[in-house]
Amino acid sequence: MTDTQHINPEDLTLHAMRLLSAEEAAAVQAHLAECSECRAEFAVALDDLSIVAMSVELATPSPAARERFTQQVTREKRTVTAPVTAVSANEQKVVPMIAPKQGTSGKLLPWLGWAVAAGVTLSAASLYRERVQLQTTISDQSAQLQSQTAQMATLSADASKARAIMDALTDSSAMRVTLNTTPAAKALPQGRATYLADKGTLIFTANNLAPLPSAKTYELWLIPANGTAPIAAGTFHPDGRGYASVVMPQLPVGVQAKAFGVTVEAEGGATSPTLPIILVGA
């Protein structure tokens, strides 16, 4: 066989895909045993085929589909007889060649198998991108929904608290107490408490309070009418103008109040009042 007689690249691709007939495959294999250039071309076809096989899941065609595909390829192929240099002049080898289409030259890309594989690869990549985008969208919408739910819960709690404050301020049955210094002093700090025993709602405001050291705090006390121990109703610090407030502290419901008082305690508050009581109101 001369150097110009080689196997068509399409035949090498079909041989790599095992789509040649047994007779054609034997002829190609015999030629590959003698031709290094065709062996290199065949190795490239095998590498390309292995890359496609690892990229997508390709189902094995049925025997009937394989037969139809082989027949279609055979109709577009032609067989040429090439003399081979051997001891006997009568010996010849048949090398399958695919007739190139008019107007083309050089190597032809393997058409059907590679087109199908490329199409499946692009489709799989597109579906994967769409799935990632969908998951991202769902995650973003879920985060937005959680944020909106939290905001709605906060607004609901604020609205409930606002209604309770309004009820306490407008309820004619609310206990209203003014707390003054004892004994009277020049600064005249003063406090006002509005209290609904049946709801446990307490609103306290104070003004003209003196500033305290950093380790001290004011604490408000509810003194029950039944003579039990005073109940801590919250600690507070006045602002720069001496104003402070305690709004709706956690108090037991139904405790009737005899009086309210304010003491100075260590930071963090106390479990029982520390004398003297600087503001008191009954």
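Me: What should I know about numbering and confidence before I start?
Reply: Residues are numbered from 1 along each chain as its sequence is written. This is a predicted model, where local features need pLDDT of at least 70, side-chain atom pairs count only at pLDDT 80 or more, and totals for chains, interfaces and linings use all residues, while side-chain values use heavy atoms, with hydrogens and water left out.

Me: How many helices and strands does the protein chain have?
Reply: Helices (H or I, at least four residues) and strands (E, at least two) are DSSP runs, numbered from the N terminus. On that basis the protein chain comes to five helices and 10 strands.

Me: What share of the residues in the protein chain is buried?
Reply: Buried means under 20% relative accessible area, exposed over 50%, and partly exposed in between (1.4 Å probe, protein chains only). With 282 residues in the protein chain, the buried share is 29%.

Me: Which residues touch the most other members of the largest nonpolar core?
Reply: A nonpolar core is a set of buried Ala, Val, Leu, Ile, Met, Phe, Trp, Tyr and Cys residues joined through side-chain atoms within 4.5 Å. The largest one has 22 residues, and strands β3 (175–181), β4 (190–196), β5 (201–207), β6 (216–224), β7 (231–236), β8 (244–247) and β9 (257–266) each supply at least two of its residues. A second, separate core of 13 residues includes Ile7, Leu19, Ala25 and Phe42. Back in the largest core, the residues touching the most other members are Tyr195, Phe204, Phe236 and Phe260.

Me: Which valines does Phe236 contact, leaving aside neighbours within four places in sequence?
Reply: Contact means heavy atoms within 4.5 Å. The partners of Phe236 include Phe204, Leu209 and Tyr218, and among them are the valines Val246 and Val262.

Me: Why do the buried residues of α2 line one face of the helix?
Reply: The buried residues of α2 are Glu24, Ala25, Ala27, Val28, His31 and Leu32. An α-helix has 3.6 residues a turn, so residues three or four places apart point the same way. The face of α2 turned away from the buried side carries exposed Ala22 and Glu23. Seen down the axis (taking directions from the axis to the C-beta atoms), the buried residues line one face because they fall within an arc of 160°.

Me: Which side chain makes a polar contact with the side chain of Glu24?
Reply: Glu24 sits in helix α2 (residues 22–32) and is buried, at a relative accessible area of 16%. A polar contact is a pair of N or O atoms within 3.5 Å; within protein, one must be able to donate a hydrogen and the other to accept it, and residues adjacent in sequence count only if both atoms are side-chain atoms. At 3.2 Å, the partner is the side chain of Ser21.

Me: How far is the sulfur of Cys38 from the closest cysteine sulfur?
Reply: A disulfide is a pair of cysteine sulfur atoms within 2.5 Å, and a search of the whole structure finds zero. Cys35 is buried at 10% relative accessible area, and Cys38 is buried at 2%. The closest sulfur to that of Cys38 is in Cys35, too far for a bond at 3.6 Å.

Me: Which peptide bond is cis, with omega near 5°?
Reply: Look at the loop between β9 and β10 (277–281), where Pro276 has its place. The cis bond runs from Leu275 to Pro276.
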